[in-house]
Amino acid sequence: MFHVEHNTKYYKPFKLFHVKHQLKNINNCPICNSKNLSFWRSAIDHNVSQDEFKISQCSNCNFKFTNPIPTENTIGEYYKSDTYISHSATKKGVINKIYHVVRTRAIKQKETLISSFSSNKTLLDIGCGTGDFLGYCKKNNWNTIGLEPDEDARKLAKSNNNIQALPLDELYTIKSESKDTITMWHVLEHVYNLNQDIEEYKRILKPGGHLVVAVPNCSSHDADHYKEHWAALDLPIHLYHFTPNDIKRLMENHQLELIKVLPMKFDSYYISMMSEKYKGGNILTGFWRGFISNIKAKKTKNTYSSQIYVIQKPKT
Ligand SMILES: [Zn+2]
């Protein structure tokens with residue numbers, strides 16, 4: 001199982017701008033609510049602002065999260081990068097051809113995964129981008145709906161994939177116990193009202209339904225190796241830097257059970273190559289590091305660069 005995070009979404013063309021610093025402090029750990037926080041590390045936003053952001057670590061439960069974070073009104077500016085455009089915009093070149101093959105395969109694998117535990121096929125994909133994943137699911141008899149903050153992406157979801165994509169606020173209007181499966185492919189680490197929204201996912205799922213979450217793993221070998229250069233820190237748009245244990249505890253706080261963890265083996269290569277780029281290294285070294293990361297992860301449980309977490313709502 002693998003996944004390509006960034007290129008599956010649609011991003012607006014790069015514009016020169018100066019982000020107005022509107023930052024918000026987080027005073028309590030989002031998982032255990034402790035106020036006992038310490039500085040963990042800082043890292044640069046390589047995509048847009050080139051500014052430095054800090055990450056806090058909870059002294060009680062070790063959870064790591066970006067702190068302070070841009071306000072919800074200003075975070076959009078930090079998504080306006082041109083580095084993600086190339087793959088989605090053009091099919092020219094060998095790397096893009098490989099990318100498209102990998103991506104198509106990843107979409108099929110995701111659909112196979114969710115089909116393995118959902119007999120009734122009602123699906124909500126949060127952060128659906130231009131709807132390629134949902135489009136494939138729809139062709140495979142899923143009843144689909146998507147939520148997506150970017151208006152242009154929502155329009156493309158309709159025109160390219162005939163997918164109905166709604167603004168994020170519609171989450172709160174979706175009927176209770178109406179979906180068998182909710183998917184979030186590299187989305188949970190971007191969610192502002194984390195605990196409030198997890199309660200919504202739980203409300204929307206049918207009893208016994210599944211929440212499928214893919215996020216980077218802050219305790220992977222490539223995360224340890226690259227430290228502040230690790231590309232999946234992705235500050236400031238990644239608000240949380242999860243480990244498998246964090247996901248388990250977070251979900252348990254909402255009476256949801258983590259039942260399965262699956263690797264995303266392609267992400268280690270992609271993230272390691274990006275990380276090498278950030279630290280001024282060689283892309284081939286990054287490819288090698290991705291390989292090492294996967295080998296190490298095979299020996300140690302749940303330590304892949306990015307992982308898929310299958311979470312279940314109680315049946316009764
Ligand atoms: Zn904590």
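This report describes backbone features, a sheet and a nonpolar core in a predicted model.

## Two cis peptide bonds

The peptide bond that leads from Asn 67 to Pro 68 is cis, and its omega angle is near 0°. Pro 68 sits in a loop, with strand 4 (64–66) on one side and strand 5 (69–70) on the other.

A cis peptide bond is also found from Leu 235 to Pro 236, where omega is near -5°. Pro 236 belongs to the loop that runs between helix 6 (221–226) and strand 11 (240–241).

## Asparagines with positive phi

Asn 33 is not a glycine, yet its phi is positive, at about 75°. The residue lies in the loop that connects strand 1 (23–24) with strand 2 (37–44). Asn 33 counts as partly exposed because it has 13 C-beta neighbours inside 10 Å, a number that falls between the limit of 12 or fewer for exposed residues and that of 20 or more for buried ones.

Asn 302, likewise a residue other than glycine, has a positive phi near 55°. Its place is in the loop between helix 9 (283–299) and strand 13 (306–312). Around Asn 302 there are 18 C-beta neighbours inside 10 Å, and so this residue, too, counts as partly exposed.

Which strands make up the open sheet, and in what order? Four strands form it, arranged as 2-3-4-11, with antiparallel pairing. Strand 2 and strand 11 are the edge strands, since each of them pairs on one side only.

Within this sheet, strand 3 (residues 52–58) and strand 4 run antiparallel and are joined by three bridges. Ile 55 stands opposite Thr 66, a residue of strand 4.

## The largest nonpolar core

The largest nonpolar core contains 68 residues, and the members that touch the most other members are Cys 128, Ile 182, Met 184, Leu 211 and Val 213.

Which residues does Leu 211 contact, once its neighbours within four places in sequence are left aside? The contacts of Leu 211 are then Ile 182, Tyr 201, Leu 205, Leu 256 and Ile 311.

Conventions. Residues numbered from 1 in each chain as written. Predicted model: local features only at pLDDT ≥ 70, side-chain atom pairs only at ≥ 80, totals over all residues. Helix = DSSP H or I, 4+ residues; strand = E, 2+ residues; numbered from the N terminus. Pairing = 2+ DSSP bridges. Core = buried A, V, L, I, M, F, W, Y, C linked by C-beta atoms within 7 Å. Contact = placed C-beta atoms within 7 Å.
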